[in-house]
Amino acid sequence: MVRYIGPEEQALYQDVQAGRLAAAYLISAAGEEDARQAARELAGRIFCQHRTACGQCLACRKFRDGNLPDFLELDAKGGIKMEEVRRIPEFLSNKAMGGGARCILIQNAQELTAQEQNYLLKSLEEPAEDVVFILSAVQEERLLPTVRSRCMEVRVRKMPRQALADELKKSMSEEKADFAAAWAAGSYGQALKIAQDEELAQVRQSAARICMRLAKKKNPSLFEMEKEALSQEERLEELFYAIATYMRDAIYFQENLPLMNPDDRQTVAALAQRFTKPQLYGIMNLALERCERKRRYPQVRSKLIVMGLLFDILEVKGKSV
């Protein structure tokens with residue numbers, strides 16, 4: 001998988017190849033897939049006979065197939081059971097079977113609770129010989145300062161948007177590549193997921209239809225917009241975010257700046273023509289606020305949060321700003 005490797009990562013890989021290993025690393029990125037991939041690449045380089053993650057040597061093949069006894073990988077996404085965290089000291093008590101380093105990789109480390117991080121801290125403060133910890137995170141600020149202070153931090157750099165789009169165009173249409181690159185925040189892995197997510201395309205179409213009703217109709221039907229929004233009830237967060245991106249694009253359209261929805265300039269232009277910049281900012285912020293509320297409080301009734309957003313948007317629409 002293609003990924004933009006910045007100077008920090010390049011320097012890290014040079015250290016690994018030279019045999020200079022830290023006791024613990026924190027690999028952070030804007031996108032989960034980039035953080036995951038970079039963390040696994042670091043682990044692969046540590047075990048590789050050539051320290052390059054060549055993919056051909058015996059150690060690389062074992063790593064790829066999940067058959068390395070000196071490698072323990074845990075994923076904290078969605079919560080991690082305490083008994084899994086307790087596997088760490090058990091793993092540390094064993095000697096390396098390969099005669100080299102042992103490695104513990106914890107993906108999505110930002111999801112660890114404070115209790116779990118403090119339990120992990122005991123192992124980080126007194127690292128066992130020839131053991132390397134790797135933590136991957138997308139919101140590294142959620143980790144305890146005491147945990148972060150024990151790690152060498154490496155930030156995975158974003159891939160420039162145009163370079164990302166150009167790479168994607170090798171395997172998909174220009175329109176799909178431009179859209180995925182715009183939404184992926186510099187993450188190639190995330191861009192691939194976006195491009196391959198057919199349901200996301202439907203969510204965005206629903207957002208576009210709601211936006212067109214707001215732009216083209218003086219008194220748009222609340223019932224029709226609510227029906228459209230609730231047709232995407234399982235992915236309301238993304239629907240709200242998509243509405244926000246259309247409003248943001250309308251502002252950028254007025255200033256001739258790059259769009260997040262470059263394949264739907266018709267909807268963007270209609271919004272730019274109908275709404276003033278303060279109105280667009282107002283609606284964008286409302287949609288982002290509901291997106292965050294739905295993420296934090298998933299138990300809130302969908303109809304309630306949708307109707308609240310639509311009423312607030314119509315209030316902004318009715319104002320002369």
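On a 1 Å grid over the protein atoms alone, where a cavity is a set of points at which a 1.4 Å probe fits but cannot get out, the count comes to one cavity of 30 Å³ or more, with grid points joined across faces, edges and corners and a volume taken as the space filled by probe spheres set on the points. The structure is a predicted model, for which local features need pLDDT of at least 70 and side-chain atom pairs count only at pLDDT 80 or more, while totals for chains, interfaces and linings use all residues. Residues are numbered from 1 along each chain as its sequence is written, and side-chain values use heavy atoms, with hydrogens and water left out.

The largest cavity has a volume of about 30 Å³, and its lining is formed by Ile-210, Ala-229, Leu-239, Phe-240, Ile-243, Val-306, Leu-309 and Leu-310, where lining residues are those with an atom within 4 Å of a point. Helices α13 and α16 (302–318) each supply at least two residues of this lining; here helices (H or I, at least four residues) and strands (E, at least two) are DSSP runs, numbered from the N terminus. A pocket, by contrast with a cavity, is an open set of points with protein on both sides within 12 Å along at least five of seven lines, and the largest pocket holds about 1,100 Å³ of space. This pocket is lined by 30 residues, of which Ala-30, Gln-190, Glu-237, Glu-238 and Arg-295 lie nearest its centre. Helices α9 (174–183), α10 (188–196), α13 and α15 (277–296) each contribute at least two residues to the lining of the largest pocket, and α15 gives the most, with four residues.

Overall, the secondary structure of the protein comes to 16 helices and five strands, and its C-alpha trace spans about 75 × 40 × 30 Å along the principal axes. Of the 321 residues, 47% are buried, a term that means under 20% relative accessible area, whereas exposed means over 50% and partly exposed lies in between (1.4 Å probe, protein chains only). Among contacts with a separation of 6 or more, 68% are accounted for by residues 24 or more positions apart, contact meaning heavy atoms within 4.5 Å.

Strand β3 (residues 102–107) is mostly covered, as six of its six residues are buried. Two strands pair if DSSP finds at least two bridges between them, and β3 pairs in the parallel sense with strand β2 (residues 71–75) over five bridges, with Ile-104 as the bridge partner of Leu-72. The pairing of β3 with strand β4 (residues 131–137) is likewise in the parallel sense and over five bridges, and here the bridge partner of Leu-105 is Ile-134. Together with helix α6 (residues 114–125), β3 and β4 make a right-handed β-α-β unit, in which, with the strands pointing away from the viewer, the path from the first strand over the helix to the second runs clockwise.

A nonpolar core is a set of buried Ala, Val, Leu, Ile, Met, Phe, Trp, Tyr and Cys residues joined through side-chain atoms within 4.5 Å, and in the largest one, of 56 residues, Leu-168, Met-247 and Leu-271 touch the most other members. Helix α13 (residues 236–254) gives the most to this core, with ten residues. A second, separate core of 25 residues includes Leu-72, Leu-74, Ala-76 and Leu-112.

Phe-253 also lies in helix α13 and, at 30% relative accessibility, counts as partly exposed. Leaving aside neighbours within four places in sequence, Phe-253 is in contact with Leu-259, Arg-265, Val-268, Ala-269 and Ala-272.

Two residues were examined for their backbone angles. Most residues other than glycine have a negative phi. Ala-53, in the loop between α2 (32–47) and α3 (58–65), has a positive phi near 55° and is partly exposed, with a relative accessible area of 32%. Asn-108, in the loop between β3 and α6, also has a positive phi, near 55°, but counts as buried at 6% relative accessibility.
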